[in-house]
Amino acid sequence: MTDIDRIKYLRFALLLVGLVCLIGFYPLTIVWPSGWAWHTGQSEYLQMILAIYATLGVFLLLASRDPLAHSSLIWFTVWSSVVHGAVMAVQAVTYPQHMGHLWGDVPALFVVAGVLAFLMPRGSTPV
């Protein structure tokens, strides 16, 4: 895959991930709470994490216009998704009531990290 192709697909991936972060997470916590919400009801934790991811979503949408100019944000998204997913995976295994997350938000974070990392042009490092 050429760098031009990578950037084209990266722009689309950033748009998709940005929209999911901005408007998709909350509906997932309603439709599939055992895979996306770590607490029942409208907890303070849920409001906080939704606000953080909505903010990230806005910035990913902005980064989709010129991904190479926002490589630090994209690499932050990659590595923070890996770390967040790993911590949640350990917690889901440790606390059996959260096992549903191993089929919901945990793999979603790893997929996002993998796709964005794969699509970043080779040799692009955080600036």
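A helix axis is a line fitted to C-alpha atoms over the stretch in contact, and the angle between two axes runs from 0 to 180 degrees between N-to-C directions. Two packed helices are described by this angle and by the distance between the axes. The model discussed here is predicted.

**Helix pairs**

| Pair | Angle between axes | Axis distance |
|---|---|---|
| H1 and H3 | about 160 degrees | 6 Å |
| H1 and H5 | roughly 155 degrees | within 9 Å |
| H3 and H4 | about 145 degrees | 10 Å |

Helix H1 covers residues 3-31 and helix H5 covers residues 105-119. Helix H3 spans 44-63, and helix H4 spans 71-94.

H1 and H3 pack at about 160 degrees. Angles over 145 degrees count as roughly antiparallel, and H1 and H3 are therefore roughly antiparallel to each other. Their crossing is left-handed. On the H1 side the contact includes Leu-14, Val-17, Gly-18, Phe-25 and Thr-29, and among their partners in H3 are Leu-46, Leu-50, Tyr-53, Gly-57 and Ala-63. Sorted by class, this contact has 17 nonpolar residues, three polar ones and no charged ones.

H1 also packs against H5, with axes that cross at roughly 155 degrees. This pair is therefore roughly antiparallel as well, and H1 and H5 cross in a left-handed sense. From H1, the residues in contact are Arg-6, Tyr-9, Leu-10, Ala-13, Leu-14 and Val-17; from H5, they are Val-112, Val-115, Leu-116, Phe-118 and Leu-119. Ten of these residues are nonpolar, none is polar and one is charged.

H3 and H4 have a left-handed crossing too. Here Ile-49, Tyr-53, Leu-56, Phe-59, Leu-60 and Ala-63 in H3 meet Leu-73, Thr-77 and His-84 in H4. The contact of H3 with H4 is made up of seven nonpolar and two polar residues, with no charged residue.

**The largest pocket**

Rolling a probe the size of a water molecule over the atoms shows where empty space is left. In this model the largest pocket holds about 410 Å³ of space. Its lining consists of 25 residues, and Phe-25, Trp-36, Tyr-53, Ala-108 and Leu-109 lie nearest the centre.

Which helix gives the most to the lining of the largest pocket? H1 does, with seven residues. H1, H3, H4 and H5 each supply at least two lining residues. By class, the lining has 20 nonpolar, four polar and one charged residues.

Two of the residues nearest the pocket centre, Phe-25 and Tyr-53, also take part in the contact of H1 with H3. Tyr-53 is in the contact of H3 with H4 as well.

How values were computed: Residues numbered from 1 in each chain as written. Predicted model: local features only at pLDDT ≥ 70, side-chain atom pairs only at ≥ 80, totals over all residues. Heavy atoms only, no water. Helix = DSSP H or I, 4+ residues; strand = E, 2+ residues; numbered from the N terminus. Parallel < 35°, antiparallel > 145°, perpendicular 65-115°, else oblique. Left-handed = near helix turned anticlockwise from the far one by under 90°. Contact = heavy atoms within 4.5 Å. Nonpolar A, V, L, I, M, F, W, Y, C, P; charged D, E, K, R; others polar. 1 Å grid on protein atoms, 1.4 Å probe; cavity = no way out; pocket = protein on both sides within 12 Å on 5 of 7 lines; lining within 4 Å. Points joined across faces, edges and corners; volume = space filled by probe spheres on them.
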